Amino acid sequence: MLIAVYPGSFDPITLGHLDIILRACKVCDKLIIAVGKNSYKKNTSLLTISKRIELIEKVVNDLDGNIRQKIEISSFDGLLVDFVKEKKSNLIIRGLRAFSDFDYEFNLAMINSKISNDVETIFLMANENKQFISSKFVKELLELNIDLSPFLPKIIIEDFLKLKGEN
Ligand code: ADP
């Protein structure tokens with residue numbers, strides 16, 4: 001049984017994350033989407049951890065049953081590799097966008113492999129029309145009256161728009 005962990009901030013989950021989730025589900029038996037509590041992005045975060053999880057749950061519940069049953073949603077604190085082992089996994093999934101992610105993702109993968117050499121990181125690339133999407137970008141668009149359907153799963157757009165003016 002191949003268990004993989006897809007960690008991230010998911011602040012909020014986007015169509016880019018969803019693309020990676022669907023690809024990961026093609027190659028593993030179980031995918032644990034793990035919302036990191038102590039991201040370096042804390043200062044720029046918008047949603048609480050429980051709100052992020054709630055939105056991920058909505059998106060996952062909207063997927064086909066055979067994909068949905070492979071997915072577990074969780075949050076973690078502290079070292080990612082410890083969480084991965086706790087979940088009886090040895091595989092981290094990360095997404096890679098053209099240009100912007102390589103440096104950061106390379107360093108993160110190296111650090112995780114130094115901390116634990118029995119945990120591997122596998123990178124997946126989103127479809128080219130999803131590559132440019134980021135939570136950061138979506139957060140910047142929130143205050144503008146722009147159609148968010150090219151960036152966010154439809155099922156969470158209304159919930160996301162309710163956050164307008166809250167930060
Ligand atoms: P983190 O704070 O850990 O970078 P994010 O939620 O921003 O968390 O991203 C989680 C993972 O998903 C990262 O590996 C990131 O590169 C990847 N990712 C996010 N958006 C996209 C996208 N549009 N295409 C491909 N990968 C993506």
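**Cores and rings**

Reader: Which residues have the most contacts inside the largest nonpolar core?

Author: The largest nonpolar core has 38 residues (a core is a set of buried Ala, Val, Leu, Ile, Met, Phe, Trp, Tyr and Cys residues joined through side-chain atoms within 4.5 Å). The model is predicted, so local features need pLDDT of at least 70 and side-chain atom pairs pLDDT 80 or more, while totals for chains, interfaces and linings use all residues. Residues are numbered from 1 along each chain as its sequence is written, and side-chain values use heavy atoms, without hydrogens or water. Those with the most contacts inside the core are Ile21, Leu31, Ile33, Ile93 and Phe160.

Reader: Which element gives the largest share of this core?

Author: Several elements each give two or more residues: strand S1 (3-8), helix H1 (15-27), strand S2 (30-36), H2, S4, H6 and H7. Here helices (H or I, at least four residues) and strands (E, at least two) are DSSP runs, numbered from the N terminus. The largest share is six residues, and its source is H1.

Reader: Which residues does Phe160 contact, leaving aside its neighbours within four places in sequence?

Author: Phe160 is one of the buried residues of H7. Phe160 is also among the residues with the most contacts inside the largest core. Contact means heavy atoms within 4.5 Å. By that rule, Phe160 touches Pro12, Leu46, Val138, Lys139, Leu142, Leu148 and Leu152.

Reader: What kind of aromatic pair do Phe132 and Phe151 form?

Author: The structure holds five aromatic pairs (rings of Phe, Tyr and Trp, its six-membered ring, with centres within 6.5 Å; planes under 30 degrees apart are stacked, over 60 edge-to-face, the rest tilted). Phe132 sits in the loop between strand S5 (120-124) and H6, and Phe151 in the loop between H6 and H7, 19 residues apart. Their centres are 6.1 Å apart and their planes stand at 80 degrees, so the pair is edge-to-face.

Reader: How many residues apart in sequence are Phe137 and Phe151?

Author: Phe137 is partly exposed, at 33% relative accessible area. Phe137 and Phe151 make an edge-to-face pair, 5.6 Å centre to centre, with 85 degrees between the planes. Phe137 lies in H6 and Phe151 in the loop between H6 and H7, so the pair ties together parts whose separation is 14 residues.

Reader: Which residues form one aromatic cluster?

Author: Phe151 pairs with Phe132. Phe151 also pairs with Phe137. The cluster is Phe132, Phe137 and Phe151.

Reader: What separation do the C-alpha atoms of Lys37 and Ile49 have?

Author: Lys37 is in the loop between S2 and H2. At 36% relative accessibility, Lys37 counts as partly exposed. Along the chain, Lys37 and Ile49 are 12 residues apart. Their C-alpha atoms are separated by 7.0 Å.

Note on methods:
Buried means under 20% relative accessible area, exposed over 50%, partly exposed in between (1.4 Å probe, protein chains only).
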